[in-house]
Amino acid sequence: MGAGRIIKVSGPLIVAEGMDEARMFEVAKVSERELIGEIIELHGDQAYIQVYEDTSGLGPGEKVTGTGQALSIELGPGLLESIYDGIQRPLNKIYEKAGSYITRGLNINGLDRDRKFEFTPDPSLKEGQEIKVGDLLGEVKETELIIHRIMVPPTLKGGILVEKPKAGTYTVEDVIARVKAGDETQDVRMYHRWPVRTPRPIARKLVPEVPLVTGQRVIDTLFPIAKGGSATVPGPFGAGKTVVQHQLAKWSDANVIVYVGCGERGNEMTDVLQEFPELIDPATNRPLMERTVLIANTSNMPVAAREASVYTGITIAEYYRDMGYDVAVLADSTSRWAEAMREMSGRLEEMPGEEGYPAYLPSRIADFYERSGRVVCLGSEGRNGTLSVIGAVSPPGGDLSDPVVQATLKVVKVFWALEDQLAFERHFPAIGWLTSYSLYHDNLSEYMRNEVSPKWAETRVAAMSILQKEGELKELVRLVGLDSLSDTDRIVLETAKHIREDFLHQSAFDDVDAYTRMEKQFRMLETVVKLHRACESAIQKKVPLKKLLELKAREGIARMRNIEEDKMEKFDEIQEGIEKEIAGYSADSRQVEA
């Protein structure tokens, strides 16, 4: 253990001398209060420590003690339904111990040592058999929604099972099995510690091939993300980044959600902490918190803890991924994390990069997002798990040339660009369809073709072409007016309006419209595209534009969003109505010509 004394205090940065034995990223206890800090730079016997708590009142001469361990968190039963700060201290325990304000120097375990869990061992285990890291030892019913799989942790070596697990009620600290590796016998408990900056080991990575279904039509249809993929949601203040994150947390088909409030305003996180415990998981009608972990590190908390909160969140997510679950990390927002890095870099007097951010900003962002993926987990069972990472970015003034946005775009494969103009027009989700993109279309094409419709890709491409054509025509209309457009172009504008208002726009307050299954999404878009093609064909047959703009079928399209999931036949009725109505107009036109 390294020990020394403070020689400089600069906000959250402490410089201590006499730290000859210290190592990079080692946790240190600062002053008599034992404030938690992490060594981020070493020069000779001087250690530069970022402190995750308020440093006011500290001064030169106070002691600093190294712990010999990296910043680690506890992983085991009891994580779900918990609300932590950035370094995995449970906020409810802090409140019980210190009241409404976080007292400095609190040392509280991340997992409750008194809570007992009913443990069911794997019946296939036998004493004397060889087991490996990742092998399943048993299960705990952590919540009604999630079975917590107890595995041989990566902190232990594989070996011979000398004492197999027995059914019973245990706390996380109780020994449930013993494994012998060589001459060493290792105790296996239901929890272990893992350093947050180190990615958890896997067997190998796989190509993401299944979509993370969110029920949000603009995402699932136009810009989908795969399970195990990465996405970013940049946008200006008020464009709806947090709203999109909340919708994904509630409606996405991930088994486990880890929501990281990184440097967000305190009132926003208060809303999250108050709303999430009351939300009901729509798939199971159970409380959403039963599959959720919340990490709150607001803008008025110590700035250095923002960085830790992001790593804490993704380490918890990797742990549930290793059990074979589909996990989603929602980080809101990575801009605040980058700002914390910029502040610490300035206090370290490092050479600044673009806009004052440290030169290593892109590599840190890449390291974070690259922990996503679809993987084969360690263990003999060959479990597959996925970890999807979705980070919100808050560039100043919505400027997408911001270094944080640009560094993020280099590593993620989905870009949902929020536009303040759409939010101002009350169009939600306010994701711009002309600037957003997804690079997962090829990966997901087989799944969409087999599970949704063989015409999925063709229909989506047709809809995107109409929206892009509308963007070009709007510029022309501004210059020469609407009347100068051809009938075909007028139909494009009318169809694009249906796509925007009746398909892309979604109401979170409508029980039917808030979530849309993939089949319904396809039928909705297919109906609009069929109307468009029928109108184009009718124009070639000299049907007057006025009649096409006044089709009764358009009223049915405007009400598509309210069609319930068990009444898909109504789409057939709308499409048949389109064909009959236009066929009648076409017949009238032929008679007039005759």
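Hi everyone. By class, nine nonpolar, two polar and three charged residues line the largest cavity of this structure. In that count, Ala, Val, Leu, Ile, Met, Phe, Trp, Tyr, Cys and Pro are nonpolar, Asp, Glu, Lys and Arg are charged, and the others, Gly among them, are polar.

Before going on, a word on what we are looking at. This is a predicted model, where local features need pLDDT of at least 70 and side-chain atom pairs count only at pLDDT 80 or more, while totals for chains, interfaces and linings use all residues. Residues are numbered from 1 along each chain as its sequence is written, and side-chain values use heavy atoms, with hydrogens and water left out.

Back to the cavities. On a 1 Å grid over the protein atoms alone, a cavity is a set of points where a 1.4 Å probe fits but cannot get out. A pocket is an open set with protein on both sides within 12 Å along at least five of seven lines, and lining residues have an atom within 4 Å of a point. Grid points are joined across faces, edges and corners, and a volume is the space filled by probe spheres set on the points.

How many cavities of 30 Å³ or more does a search of the whole structure find? The search finds three. The largest cavity holds about 80 Å³ of space. It is lined by 14 residues, and Gly134, Met151, Pro154, Arg200 and Asp322 are the closest to its centre.

The second largest cavity has a volume of about 50 Å³. Around it you will find Ile150, Met151, Pro153, Arg189, Met190, Tyr191, His192 and Tyr319. Sorted by class, that lining has six nonpolar, one polar and one charged residues.

The largest pocket has a volume of about 980 Å³. Its lining is made of 39 residues, with Gly240, Thr242, Val243, Val244 and His246 nearest its centre. Which elements give two or more residues to this lining? They are helix H3 (241–251) and helix H4 (266–275). These names come from DSSP runs, numbered from the N terminus: helices are H or I with at least four residues, and strands are E with at least two. H3 supplies the largest share of the lining, eight residues. By class, the pocket lining has 15 nonpolar, eleven polar and 13 charged residues.

Let's stay with H3 for a moment. Why is H3 described as largely enclosed by the rest of the structure? Because nine of its eleven residues are buried; buried means under 20% relative accessible area, exposed means over 50%, and partly exposed is in between, using a 1.4 Å probe and protein chains only. Among the buried ones are Lys241, His246 and Trp251.

Next, the whole chain. It has 16 helices and 26 strands, and its C-alpha atoms fill a box of roughly 100 × 60 × 40 Å, taken along the principal axes. Of the 594 residues in the chain, 54% are buried. The chain exposes about 25500 Å², and carbon and sulfur atoms supply 48% of that; the areas come from the Shrake-Rupley method with a 1.4 Å probe, and for residues only the protein chains shown count as cover. Among contacts (heavy atoms within 4.5 Å) between residues at least 6 apart in sequence, 71% join residues at least 24 apart.

On to aromatic rings. A pair of aromatic rings is described by the distance of the centres and the angle of the planes. Rings of Phe, Tyr and Trp (its six-membered ring) pair if their centres lie within 6.5 Å; planes under 30 degrees apart are stacked, over 60 edge-to-face, and the rest tilted. By this rule there are eight aromatic pairs. Take Phe415 and Tyr437: their ring centres are 5.4 Å apart and their planes are at 45°, so the pair is tilted. Phe415 lies in strand E25 (residues 414–415) and Tyr437 in strand E26 (residues 437–438), so the pair ties together parts that are 22 residues apart in sequence. Phe415 counts as buried at 5% relative accessibility, whereas Tyr437, at 29%, counts as partly exposed. Elsewhere, ring pairs link Tyr311, Trp337, Phe368 and Tyr369 into a cluster.

Finally, two single residues. Asp122 is in the loop between strand E9 (117–121) and strand E10 (130–131). Is Asp122 buried or exposed? Its relative accessible area is 18%, so Asp122 is buried. Leaving out residues up to four places away in sequence, Asp122 touches Leu136, Leu137 and Gly138. Ser10 sits in strand E1 (residues 3–10), and Ser10 is buried too, with a relative accessible area of 17%.
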